[in-house]
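Walk through this structure from the inside out.

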Amino acid sequence: MRIWIKTPLAGMPPGAEGGLVVEGAEIAGLVPPGQSPVADQIFDAGAHVILPGLINTHHHFYQTLTRAYRPALDKKLFDWLVALYPVWAKLTDAEFRVACRLALAELLLSGCTTAADHHYVFPPSLGHAIDIEMEEAAALGMRAVLCRGSMDLSTEDGGLPPPTVVQKIDTILADGERLAKTWHQPGKGAMTQLALAPCSPFSVSADLMRETAKQAARLGLHMHTHLAETEDENDYCLACFGKRPLDYLEELGWLTDHTWFAHGIHFSADEMRRMGKAGVGVAHCPSSNMILGSGICAVGALEAAGVAVGLAVDGSASNDGSNLMQELRQGMFLQRAGGGIGAATFRDPIRWATEGSARCLGRDDLGAIRVGMQADLALFKLDELRFSGADDPLAALVTCGAHRADRVMVAGMWRVVDGAIPGLDLAALMAAHNAAARRMRGMG
Ligand SMILES: [Zn+2]
């Protein structure tokens, strides 16, 4: 089956304004203007702006259950976490599954085709969190890079989380081994991949960080963690380890080209240079950083140092949303708010959310519209009030604030059609999700 996505309004590389041909799961050809390729099906994209499928590099699906949670509002990261840990400790398989489905649906409808999630809360009531995430992503036809998170440093050992949500190192490593065998696809076109992801320096022991790095190298997996999110974290690391966060992780074997960090706000110029040299990536999370008042990631300096910068919505309790397209606009505006008009163009967040994110995840088959790449595409119409009167259609997606894709293709299959996910009852999903959120808050 060859599908010709014909003459998109904007977004094709120069010389390919006639569109592209999808065959199987891949982009099989680019079409020069005025030409008509052989195809079994034609999709007229004359009203659509096309982008490579957006790639989210950091999220916590379960946090959709604690959006705008009253006791956590208006708090900085550490206080915010302390307010939320006891609620998250009540997670069960049923609540977790509905949270994953809702977060994935929200991402997909915003044009996201590959979703990384970082799940690190494992109370005894939540048996197989990563397996549930894998199943839910597969049901929606999305690519998933799921990060087996972990915490082993509770308040009893000088960490931040309560004992009810941490696990022992042996349990964590054994589960990582099992999940890698069950779900990780190493090659081109992979739909499910596993990464290993201790939560942060203030909730994980040095032993767990070190053993995770060894395990990831042995199994050929990527590594992920929160790093340099706040000044409080710098202070914590200096007080507890006598080192800044990056020095601490470097010593534990974490400066590798298989590593990407979430946030990466508070790095020095020398630290950025070392990260670039090592091939480390950063998942930039603008909305979360703004809501929690964490600071502004120096995206331009990171990229100039050779660091791959991807984009991410972060958890729905710190962003209160899982809309990746919206994050492009936030990302561009935040850079300009911090660094002036020259700090970002409208094209920059498009690059972060596609090529940059793909580099973070170690994927050279995603993030661009080129022959041989996976056919992951997001198509947006400009037929809403917010776009009316716009001149440059590609810029309009970012500056006018596109929220919802009209069509999304993953691996050559349409997964969003006319702004909806075929077969998914959103009203029923929201009812189940709201009920789960109420149960988590102890309200029935
Ligand atoms: Zn996070």
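Which residues lie nearest the centre of the largest cavity? They are Leu77, Leu81, Tyr120, His226 and Glu229, out of 17 residues that line the cavity. Bear in mind that this is a predicted model. The largest cavity holds about 130 Å³ of space. Helix H1, residues 77–88, gives the largest share of its lining, with four residues. By class, the lining of the largest cavity has eight nonpolar residues, seven polar and two charged.

The count of cavities of 30 Å³ or more comes to two. The second largest cavity holds about 50 Å³. Its lining consists of Arg148, Ser150, Ile172, Leu173, Gly176, Leu196, Ala197, Pro198, Thr212 and Gln215. Five of the lining residues of the second largest cavity are nonpolar, four are polar and one is charged.

Now step back to the whole chain. The protein chain has 14 helices and 16 strands. Its radius of gyration is 21 Å, close to the 22 Å that the globule rule gives for 444 residues, so the chain is as compact as a globular protein of that length. Along the principal axes, the C-alpha atoms fill a box of roughly 70 × 50 × 40 Å. Of the 444 residues, 59% count as buried.

Next, look at helix H8, residues 269–278. What are the buried residues of this helix? They are Glu271, Met272, Arg274, Met275 and Gly276. An α-helix has 3.6 residues a turn, so residues three or four places apart point the same way. Just after H8 comes Gly279, with a positive phi of about 85°.

Move on to helix H12, residues 347–360, where Thr354 lies. Is Thr354 buried or exposed? Thr354 counts as buried, because its relative accessibility is 3%, under the 20% cut-off. Which residues does Thr354 touch, leaving aside its neighbours within four places in sequence? Its contacts are Pro52, Gly53, Leu54, Ile55 and Gly367.

Finish with two loop residues. Asp320 has a phi near 65°, a positive value in a residue other than glycine. Asp320 sits in the loop between strand E13 (308–311) and helix H11 (324–339). Its relative accessibility is 32%, so Asp320 counts as partly exposed. Ala411 also has a positive phi in a residue other than glycine, near 50°. Ala411 lies in the loop between strand E15 (407–410) and strand E16 (413–416). Here the relative accessibility is 18%, so Ala411 counts as buried.

Conventions: Residues are numbered from 1 along each chain as its sequence is written. This is a predicted model: local features need pLDDT of at least 70, side-chain atom pairs count only at pLDDT 80 or more; totals for chains, interfaces and linings use all residues. Side-chain values use heavy atoms; hydrogens and water are left out. On a 1 Å grid over the protein atoms alone, a cavity is a set of points where a 1.4 Å probe fits but cannot get out, and a pocket is an open set with protein on both sides within 12 Å along at least five of seven lines; lining residues have an atom within 4 Å of a point. Grid points are joined across faces, edges and corners, and a volume is the space filled by probe spheres set on the points. Ala, Val, Leu, Ile, Met, Phe, Trp, Tyr, Cys and Pro count as nonpolar, Asp, Glu, Lys and Arg as charged, and the others, Gly among them, as polar. The radius of gyration is taken over C-alpha atoms; the globule rule is 2.2 Å times the number of residues to the power 0.38. Buried means under 20% relative accessible area, exposed over 50%, partly exposed in between (1.4 Å probe, protein chains only). Contact means heavy atoms within 4.5 Å.
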